[in-house]
Amino acid sequence: MRSLNLRKALVGMVAAGAVIAGSIGSASADTLQKLRDQGYATVAVANEPPYSDVKGDGYVTGAAPDVARAVMKKLGVPELKAQVVAYGSMIPALLARRVDMATSGLYIKPKRCESIIYSEPDLCGAEAFAVMKGNPHNILTYEDIGKNPDVTMTTCAGCAEEAYALERGVSAEQIKVFTDPPSGIKMLQQGRVDVFALSGLGTQDLLRKFNDPNLELIMPVKGVPMGCAGAAFNPEDKDFRDAYDQALKELKDSGEFAKIIEPYGFSTEATLAVKRDDFCPGN
Amino acid sequence: MEWSWTVVEAVLPKLAQGLIVTIQATFVGAFLAYVLGLGLALLKMSKIKVVAWISYWLGEFVRRTPLLVQLYFLFYVLPDLGIFLSPFVAGVIGLGVHFSAYTSEVYRAGIENVPKGQWEASRALNYNSYQTMRFVILPQSIPPMIPPLANYLITMFKETPLLSAITVIELFNAANIYSNSHYKYLEPMTLVGLFFLIVSVPSAYFAMRLEKHFKPKSMRG
């Protein structure tokens, strides 16, 4: 009796699984047309000002979403809806089509290009550390952290800074990933870690908000490339991406682009000087 | 979506380390929950009204607020007040204190279920309160407490992923960190679920056996 019930339950579960699996895995056709019809695009943001910033009422702003909003307007999609997604989860979110694009200063990196496609670069910036006042461990580069095994650092899981650290001799035990950037600063203040690493403008913005005289900004961090980000897409949406690139180019040529990003502290010159192919040829 | 054994191979050692932390956190947390819970239960039954009242509401407060909030408080707020706890210590204290509020109810119910006549008999024998507890009440009330206490152990085990919010690298967090930098969720998360099952199914079976074993004799079939 008991084994029979178990078998029934198993059959039921397998059947349910098959139904669910069947409903996934279609869609792609013409993403841009779909977005035009529904009147909005769902974008992944990390809520890391000035790259992306979700206001209390849910309105998404920040340099990357503002560029995306201007571009999408040109493409006939008037509104953006934001979904806050950790950096490490943005690629899975794109692949699972939980979001239509990621507009959050996701750096263009070869390893990421294996999974997703990018627009042309829209934001470039240097890297930074935050440390205690006076920089007691004298940390200026990732190599400095690697050389001193007693020093610990925090950054976000799966973001470029974590890869920079691991590639430059920092051991995995030295990295304690934070749940969100402000908590990372809190960990630094409380002495749980010695170094906080993130994008330059992001770190600067956090330090300004915390306004703690015991913290110090180290910027730029030497020995790491300037990080350039672009809007990210599902690899099946190549047509959508190409249309986006075209509209982004118009935005850059008209000078509107500079007007959007410069108030946030980003350099138009640095961004216009690079191409996607510099990071991910053929992406 | 395809199952990759290379990912499994890469992530397994990290998960194994995480599992150790999970089990440590469960047992240390449970130990705290059992000890603090007993203390809280005795306080709740105190003859001094104020003590009973305060400890009752203390238990209610802990039980009616989310564990996640309590963990954040222990980890991020206490250091500002000068109390600095490492992630693991903050985690087990959070777990232990939270579940002590539940276990105290188990103890209280167990003790209060001892028939009134037994208390009266102890008094008739001129036992003091220590002797009453030690030789009359506790021997009768502990056995029925054991199964629910064992069940709380299993519940605590399943609540440990909350510790990831305060940077403890337990089983779930180990998988999550891997997933975040390799963009693979299928294998790590499946394995996490599997690990939890491997531990909790036999434990649940064991708890069931305990329940049978400690059933009052009059109710045995």
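Where in chain B does UniProt place the feature "domain: ABC transmembrane type-1"? The unreviewed entry puts this feature at residues 19-207 of chain B. UniProt positions follow the numbering used here, feature names are shortened, and annotations may be inferred rather than shown by experiment.

The model is predicted: local features need pLDDT of at least 70, side-chain atom pairs count only at pLDDT 80 or more, and totals for chains, interfaces and linings use all residues. Residues are numbered from 1 along each chain as its sequence is written, while chains are lettered from A and ligands numbered from 1 in the order in which they are written.

Chain B has 8 helices and 0 strands, so its elements read α-α-α-α-α-α-α-α from the N terminus, where helices (H or I, at least four residues) and strands (E, at least two) are DSSP runs numbered from the N terminus. Within residues 19-207 of chain B, 80% is helix and 0% strand, and the end C-alpha atoms lie 21 Å apart.

Along the principal axes, the C-alpha atoms of chain B fill a box of roughly 70 × 55 × 20 Å. Of the chain's 221 residues, 31% are buried; a buried residue has 20 or more other C-beta atoms within 10 Å of its own, with C-beta atoms placed from the backbone. Among contacts in chain B with a separation of 6 or more, 77% join residues 24 or more positions apart. Two residues are in contact if their C-beta atoms, placed from the backbone, lie within 7 Å.

Chain B also touches chain A, with 11 residues from chain B and 15 residues from chain A. Helix 7 (residues 171-182) gives the most to the chain B side, with 4 residues. That side divides into 7 nonpolar, 4 polar and no charged residues. Here Ala, Val, Leu, Ile, Met, Phe, Trp, Tyr, Cys and Pro count as nonpolar, Asp, Glu, Lys and Arg as charged, and the others, Gly among them, as polar.

Technical notes. A residue is buried if 20 or more other C-beta atoms lie within 10 Å of its own, exposed if 12 or fewer, and partly exposed in between; C-beta atoms are placed from the backbone.
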